[in-house]
Each structure stands twice: as C-alpha cells, then as structure tokens.
Amino acid sequence: MENRWENIVLPPEVTEILSGLHGAGYEACIVGGCVRDIYMGKEPVDWDLTTSAKPDEIKRIFRRTVDTGIAHGTVTVLIENRAFEVTTYRVDGEYKDGRHPESVHFTTDLEEDLLRRDFTMNAMAYDPKRGIIDPYDGRADIERQCIRCVGHPMNRFREDALRILRAIRFSAQFGFGIEPETFEAMKALAENLRHVSMERIRTELYKALAGKVPERLAVLSEIGALPALFPPDIVKVFETGAMHRSLFQAAGLEAVISRLALFLYTAKVSVRPFLRALRFDKKTIYMVEDRVNALAAGVPDTAYAIRKQLSLYGPDAVRDATDILAATGRCTLPEAARLQATYRAEEVNPYRIRELAVDGEHLLAMGYRGRILGEILAACLEAVLRDPSLNELHKLEEIIRKNYIIT
Ligand code: ATP
Ligand code: MG
C-alpha cells in the first residue's frame, strides 16, 4: 500500500509552497480530496494545503496572495497564475445553523484539523518529509470502498447537513458503499438538508451525475431526503424511480448533459423549471433542452427529418440523443451508427438560416421590408431542408417572388 506514495509527483507549485512554509519553520502538507485522489490513483482536481502557519504568516512568506477566507484561516497563494488554497490548521467551533460553524480557532495540531473533516477518506494528509498522515484509517476505508464519518455520524451530520449530500455524491462518484452507522445517521437527520442552499445541491447533484454509479442518487429517496431538498413536483419526479431506472439503463453514457437529458425525458418533467429551480446555468439548460426535444422527436426516418432535426437542435444535440437512444435500447447499435453516419453526411447541407443563399440584404434589395423578412427566411430554410438543391440565389428568389407580395 505504501508504495503508492513513492512515485508521487506533486505539481512544482505545490512543492514550492510546501518548501516555503517548511523553510520558515512551519508544518505544511497537502490534505483532503487531493490526498484521497492520489491514493485512489486519480489525478486530483484541486490541491488543498494545510499548515501550522497563521494566515498573516502565510501572507508574509509568499509574494502574491489573496485573502479568500481569512476568518476561516484560508489564504489563496498564487504561483505562476495558478491558485492554491492554504488553510491554517483549524478546529471548528459550535455549529448553530446546521451548516456553518459559529466560530473557528486555529491549532498547531494537524490531527485536530483532520478530526473536523467529514469522511475518513477525506481526513488524510501527506507531507513529502513525513509521508502519509492518516489517523482515522482512511486508506483502509478506501480499500474496502466505504464512506465513513470521522467521529460520531449523528454529531457530524447535525453540525453540517451538507455532509449527508456529500456522502451520497461520493458514493455515486466512486461507487463506494456507505458504512451502516453513517447511513443510519443520514436517514435520521435527512430533514436537516433543508439548510443546504440550491447552489450546493446543484453542485453535488452534478458531481454525482458525472460519477461512476450515478444511480446511487436513489439513496436520496431511500433516506427520505427528497422533501427537504426539492419542491413537491420535483420530489415526485425522483420518486417515480425515473432517476434510478433511466440512469441505470444509461450506464454507457458518459456525459452529464446526456444523463440529465435522459433523466428529464424519462421523468416527463419540463426541463426549464426543473433546471432553473436547481440554479443551473443558461447554457446547460439550453443544451439539456435540445437533447430532450431531440429525444422526444424520436428516430428520424427520412433525409428531410434528419435535416430538420439538425436544424432544430444542432448537430451535437442530435448526436447525443442518438447515443441516448442506443444506450437505452430504443434503437440498436447498428441503427445508431447508421443514424450518426447519416447526420454527418447531411450536415454538409444547409440547415441554418445563415447558410442560405439569400439573406436579409437580398430581401431588402428585392423590396421587402419589416417583419416579413424573418418569415421569408424561415420559409426558405424549410424549402431547402426539403430539397437542398434549392439553395441557390436565383431559385430562392423565384420562390420568394411567387409566394410573397411586396407591400
Ligand atoms: P472534490 O474532489 O469534489 O473537490 P473534496 O473532498 O476535495 O472533493 P472540497 O470541497 O474540495 O471537496 O473540500 C476539500 C476537503 O475539505 C475535503 O476533502 C474535506 O476534508 C474537507 N471538507 C469539505 N467540505 C466539508 C464539510 N462540509 N465538512 C467537513 N469537511 C469538509
Ligand atoms: Mg477538492
């Protein structure tokens, strides 16, 4: 097991920060998610550092810093335009609102800092000089693929309900089980999830959906967490089992957007209100919506239908929709492959207004004015979708003159 640490290559910036702190006489190590990821053989997404140095001492050592959360002991150190959060060893005070500690105080004892962290796998630190520091045996829990609270689960979830959601997210992300006592406490305190903001719910949901076993989100329903998290109409969606079934069937789908689209399509909820309630960004909402609509349109069976789909939803959405159809067995793999090839072949034809041989300028020159311009262009596109050979200026002008009177 130990040999996993022998070949660790830390990013040079991280090494620089560790040496800076060590050189000034402080303890310093990497901590939390990045240590867990390295142990699991994954590339860490972000690097968190922890140190016995106090925030003002951290700021004295490094040239470029940002006061990210000084009150909580976090200073961002900038090296080569990369940002690293360095947090002083800390003990959280009493939690009053079920989410945030009333106060924090600094400590010089790393083990005390690790004790405040949520799960054993997230309560490990690593210092190139000292090696792994793992007082709560996070490595053993990773080996047995188990999510377990540091300390007493009831207390830990009572302090911060977000941890309940994080447990489910990690379970979905890594496919790990949840240790029974931890699970029971999640169930007992699920109601406390009311204290968690929609933004945090969205972030965790997204990471779970992107995970190895997204259908573990069904745990939300098993522990009775749904009413505390979502408005009643969304709860209904989850409880129909749509989440569970659709994602399970779609195990072959990698992209979160596709998984979301399939979930919403299967659950028959309207995309926009659901994603808006979860504070998803506009781009994600449009992307999911296009895929859901393309799915609802089903498998196109004529060249026109294919061009029409491209025109309505765009090539990325129709390709993803085809993958979803295949992943859920609604068309066979060879059918899906054929469909993808046809989309590629048809994509060379015009399927957007801006690819038409006529544009607004031409229509103005022909004497048309006002709102009719948009209508004419839409009609031209429809004609060209039906017959791509019509996309020539003189042919379209003829059609336009025949159908639209200049007023
Ligand atoms: P990810 O891989 O998604 O970043 P992470 O575990 O690193 O997961 P972060 O939010 O980056 O999550 O937090 C870094 C570390 O801070 C965690 O590994 C954990 O040790 C600690 N931590 C984060 N959130 C909590 C919390 N709500 N309660 C206790 N400890 C937490
Ligand atoms: Mg992290």
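The points below cover the pocket, then the ligand.

1. This is a predicted model, in which local features need pLDDT of at least 70, side-chain atom pairs count only at pLDDT 80 or more, and totals for chains, interfaces and linings use all residues. Residues are numbered from 1 along each chain as its sequence is written, chains are lettered from A and ligands numbered from 1 in the order in which they are written, and side-chain values use heavy atoms, with hydrogens and water left out.

2. The largest pocket is lined by 38 residues. Asp48, Arg116, Arg117, Arg166 and Arg200 lie nearest its centre. (A pocket is an open set of points on a 1 Å grid over the protein atoms alone, where a 1.4 Å probe fits, with protein on both sides within 12 Å along at least five of seven lines; lining residues have an atom within 4 Å of a point.)

3. Charged residues number 19 in this lining, beside 10 polar and 9 nonpolar. Asp, Glu, Lys and Arg count as charged; Gly counts as polar.

4. Ligand 1 sits in the largest pocket: more than half of its atoms lie within 2 Å of the pocket's grid points. The shell around ligand 1 holds 11 charged, 3 polar and 1 nonpolar residues.

5. The backbone of Asn122 places a polar atom 2.9 Å from a ligand 1 oxygen. The side chain of Lys207 has a polar atom 2.8 Å from an oxygen of ligand 1. For Asp160, a polar side-chain atom is 2.9 Å from a ligand 1 nitrogen.

Terms used
A polar contact is a pair of N or O atoms within 3.5 Å; within protein, one must be able to donate a hydrogen and the other to accept it, and residues adjacent in sequence count only if both atoms are side-chain atoms.
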